[in-house]
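Here is a short report on one protein model. Look at the strands first, then at one helix residue.

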Amino acid sequence: MANERFDRATALILEALQRDARLSTQALADQVGLSPTPVWRRVKELEESGVIRRHVALVDREKLGLSICVLANVSLVRHSEGAVEQFEALVRASREIIECHGITGEADYVIKVVVPDMKAYDQFLQTQVFKVPGVASVRSNVVLREVKYETALPVI
């Protein structure tokens, strides 16, 4: 199902669930113009096929005291054995890293890090990132303001 083009009703279901994943089957059916049973079936198919990976709540990081957001470009030492595996293991284990992408260009990865303050970011670098032997450099860009933050993918 993930590689197929979705019919309009399925696309509407995805749009609605991206806005509010807590919608009941009935409310979702009302929004997309189908009865509840076919809507329930479509949602189950989307979950089982991996199109819907999980249902989550979006939490305001600043209200949790995570005032600093940093986009950091990380370069690895290419000839260091196991550098990629060690760095990616750190990424998976670190709660401060909320996104990581392998990229092209001058760096190997860009990571998105959230922490309470700059002291915490420095500590994060010193105690976690710089402890990985294969990390050659980290170029940090502190986010001054968030212009746009969306999690919904364009379905329609």
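In which sense do strand β1 and strand β3 pair, and over how many bridges? They pair in the antiparallel sense, over 7 bridges. β1 covers residues 68-76 and β3 covers residues 109-115. Within this pairing, Val-70 has Val-113 in β3 as its bridge partner. The model is predicted.

**The sheet**

β1 and β3 belong to an open sheet of 4 strands. The order is β2-β3-β1-β4, and the pairing is antiparallel. Which strands form the edges? They are β2 and β4, each pairing on one side only. From one strand to the next, the twist averages 20 degrees.

| Strand | Residues |
|---|---|
| β1 | 68-76 |
| β2 | 97-102 |
| β3 | 109-115 |
| β4 | 135-142 |

**The helix on the sheet**

Helix α5 spans residues 118-127 and packs on the sheet. α5 touches β1, β2, β3 and β4. The direction of α5 makes about 165 degrees with that of β4.

**Ala-11**

Now to helix α1, residues 8-19, where Ala-11 is found. Is Ala-11 buried or exposed? Ala-11 counts as buried, because its relative accessibility is 7%, and the cut-off for buried is under 20%. Which residues does Ala-11 touch, not counting those up to four places away in sequence? The contacts are Phe-6, Val-155 and Ile-156.

Key:
Residues numbered from 1 in each chain as written. Predicted model: local features only at pLDDT ≥ 70, side-chain atom pairs only at ≥ 80, totals over all residues. Heavy atoms only, no water. Pairing = 2+ DSSP bridges. Helix = DSSP H or I, 4+ residues; strand = E, 2+ residues; numbered from the N terminus. Axes fitted to C-alpha atoms, helices over the stretch in contact; angles between N-to-C directions. Contact = heavy atoms within 4.5 Å. Buried < 20%, exposed > 50% of the residue type's maximum accessible area, 1.4 Å probe, protein only.
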